[in-house]
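Dear colleague,

Here is the structure I said I would pass on. My notes follow below it.

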Amino acid sequence: MPITANNPNRKSWIDVQTDSDFPIQNIPFGVFLTKDDIITIGTRIGNCAIDLGAMQQLNYFEGIELTDDMFMQDTLNDFISDGKKTWRLVRNRIGDLFDSENPKLRDNKAHRDIIIFDINEVEMQLPVLIGDYTDFYSSKEHATNVGKMFRDPENALLPNWLHIPVGYHGRSSTIIPSGIPVHRPMGQTLPNGDTQPVFGPSRLVDFELEMAFITTDANIMGENIPVSEAEDYIFGMVLLNDWSARDIQKWEYVPLGPFLAKNFASSISPWIVTMDALEPFRTKGPQQEPAPLPYLQQKGKKAFDINLEVYLTPKDGESNLISKSNFKYMYWSMAQQLTHHTSNGCKVNSGDMMGSGTISGPTPESFGSMLELTWGGKNPIKLSNGTERKFIDDNDTVTMKGYCKNSQFRIGFGEVSSKLLPAFVRK
């Protein structure tokens with residue numbers, strides 16, 4: 001089935017600015033609360049939020065097999081469970097209905113008034129009920145930088161890193177949508193030179209520039225997914241700020257790895273950009289040497305050219321661009337990550353989220369964390385207001401943006417933005 005929604009020549013009857021992340025070629029999916037306090041599944045074109053629940057009630061999806069309440073729910077899980085064929089049919093239909101040449105909805109003011117909202121009139125929600133969350137560690141540059149800082153610089157990568165997509169199971173209860181503030185976490189740390197830990201607020205809170213993919217129901221327990229089929233079970237992608245507390249992490253991560261330093265908050269962008277929408281932006285990933293074992297071997301363009309930016313905004317200050325990276329730098333692809341995840345028979349469900357791990361590029365300005373940008377605090381970043389940052393201060397806001405662009409059009413993810421508040425104090 002062709003992806004007609006990606007037609008680069010198509011224009012919408014909704015006004016879209018040339019630098020918008022959401023032209024008619026994007027058609028992402030999300031969940032929002034309307035000004036009438038109704039939660040609905042929707043999409044976005046330009047600065048308009050589109051109520052897919054209202055569209056379904058008005059029979060705009062006639063001929064597509066959907067349950068009667070498919071878009072009148074508070075998560076996308078059931079829609080995602082319907083699979084790739086349904087996703088493509090719905091997205092193609094939306095593209096047709098909002099095409100500038102199609103009068104069906106364009107010329108029906110009564111229906112437009114029910115279906116279309118100004119984006120500032122809605123409140124974005126978490127788009128899926130995330131049952132399980134896995135975070136990978138798949139940027140060779142990031143893993144090498146961390147290895148140089150904390151281990152032998154000559155052997156920065158551990159022996160297994162070039163053979164498997166390393167990952168760990170995270171916590172889904174503290175995954176939040178953009179705009180929700182995050183408290184500085186409390187925890188145990190070991191002060192330099194001391195032998196006994198102390199308990200208190202983390203002093204080294206960091207962001208991690210990541211992306212994440214959302215899965216559909218992929219397998220039954222005991223079944224593995226071939227790497228050649230893995231992308232069929234990926235619905236789409238979001239931006240991810242996987243907050244970290246470096247001092248807590250340093251004390252706790254041996255012998256079992258990330259725990260409280262990582263599960264206090266993970267912020268995601270609210271619009272899921274589908275794999276179909278990203279299709280025009282495929283590119284080749286890094287050369288994998290040595291060659292992976294046969295079950296992880298793949299050919300062709302399995303990476304995606306997604307430009308990424310990180311901004312730090314101090315309280316009452318200006319926004320500062322502090323990192324520019326790209327998702328194409330990832331050593332292990334999403335397909336390889338999902339295949340390895342299920343290689344032991346682990347079950348993957350609709351709405352599960354898989355984080356990429358910190359995305360760092362080959363140059364210092366493309367590093368994806370304060371840990372790397374300041375090299376462990378040794379080289380502070382100077383902000384436009386004259387202050388410096390080694391890590392994230394209270395009341396700083398971290399904003400991540402991502403977009404794809406070719407000679408024909410641009411699509412993007414919007415942003416994920418969160419303010420770091422002081423540690424929570426019980427009254």
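Which residues does the UniProt annotation "domain: Fumarylacetoacetase-like C-terminal" cover? According to that unreviewed entry, residues 134-402. Please keep in mind that this is a predicted model. In it, the span 134-402 is 13% helix and 28% strand, and its end C-alpha atoms lie 21 Å apart. The unreviewed entry also carries the annotation "domain: Fumarylacetoacetase N-terminal", for residues 25-127. That span is 35% helix and 19% strand, with 20 Å between its end C-alpha atoms.

Strand 5 pairs with strand 1 in the antiparallel sense over two bridges, and glutamate 123 in strand 5 is the bridge partner of leucine 33.

The other open sheet also has five strands, in the order 9-26-25-20-21, but here the pairing is mixed. Strand 9 and strand 21 (320-326) are the edge strands, each pairing on one side only. Two bridges join strand 9 to strand 26 (residues 410-421) in the parallel sense. Histidine 183 stands opposite leucine 421 of strand 26.

Two arginines

Arginine 184 is in the loop between strand 9 (182-183) and strand 10 (186-189). Is arginine 184 buried or exposed? Its relative accessible area is 10%, and because buried means under 20%, arginine 184 counts as buried. The side chain of arginine 184 reaches two backbone oxygens: that of serine 202 at 2.8 Å and that of isoleucine 392 at 2.9 Å. Between the C-alpha atoms of arginine 184 and glutamate 123 there are 25 Å, with 61 residues separating the two along the chain.

Arginine 10 sits in the segment before strand 1 (30-33). Arginine 10 is buried too, with a relative accessible area of 10%. Its side chain makes a polar contact of 2.7 Å with the side chain of aspartate 99, and reaches the backbone oxygen of glycine 95 at 3.5 Å. Neighbours within four places in sequence aside, the residues in contact with arginine 10 are Thr4, Ala5, Ile24, Gln25, Gly95, Asp96 and Asp99.

Helix 6 (residues 140-150) has His142, Ala143, Thr144, Asn145, Val146 and Gly147 as its buried residues. These buried residues pack against helix 10 (370-373).

The largest pocket has a volume of about 1,400 Å³. It is lined by 48 residues, of which Phe150, Arg246, Gln249, Lys250 and Tyr253 are the closest to its centre. Which elements give two or more residues to the lining of the largest pocket? They are strand 6 (133-136), helix 6, strand 7 (167-169), strand 10, strand 11 (198-201) and helix 7 (246-252).

Regards

Terms used. Residues numbered from 1 in each chain as written. Predicted model: local features only at pLDDT ≥ 70, side-chain atom pairs only at ≥ 80, totals over all residues. Heavy atoms only, no water. UniProt positions renumbered as here; feature names shortened; annotations may be inferred. Helix = DSSP H or I, 4+ residues; strand = E, 2+ residues; numbered from the N terminus. Buried < 20%, exposed > 50% of the residue type's maximum accessible area, 1.4 Å probe, protein only. Polar contact = N/O pair within 3.5 Å; in protein donor to acceptor, adjacent residues only side chain to side chain. Contact = heavy atoms within 4.5 Å. Pairing = 2+ DSSP bridges. 1 Å grid on protein atoms, 1.4 Å probe; cavity = no way out; pocket = protein on both sides within 12 Å on 5 of 7 lines; lining within 4 Å. Points joined across faces, edges and corners; volume = space filled by probe spheres on them.
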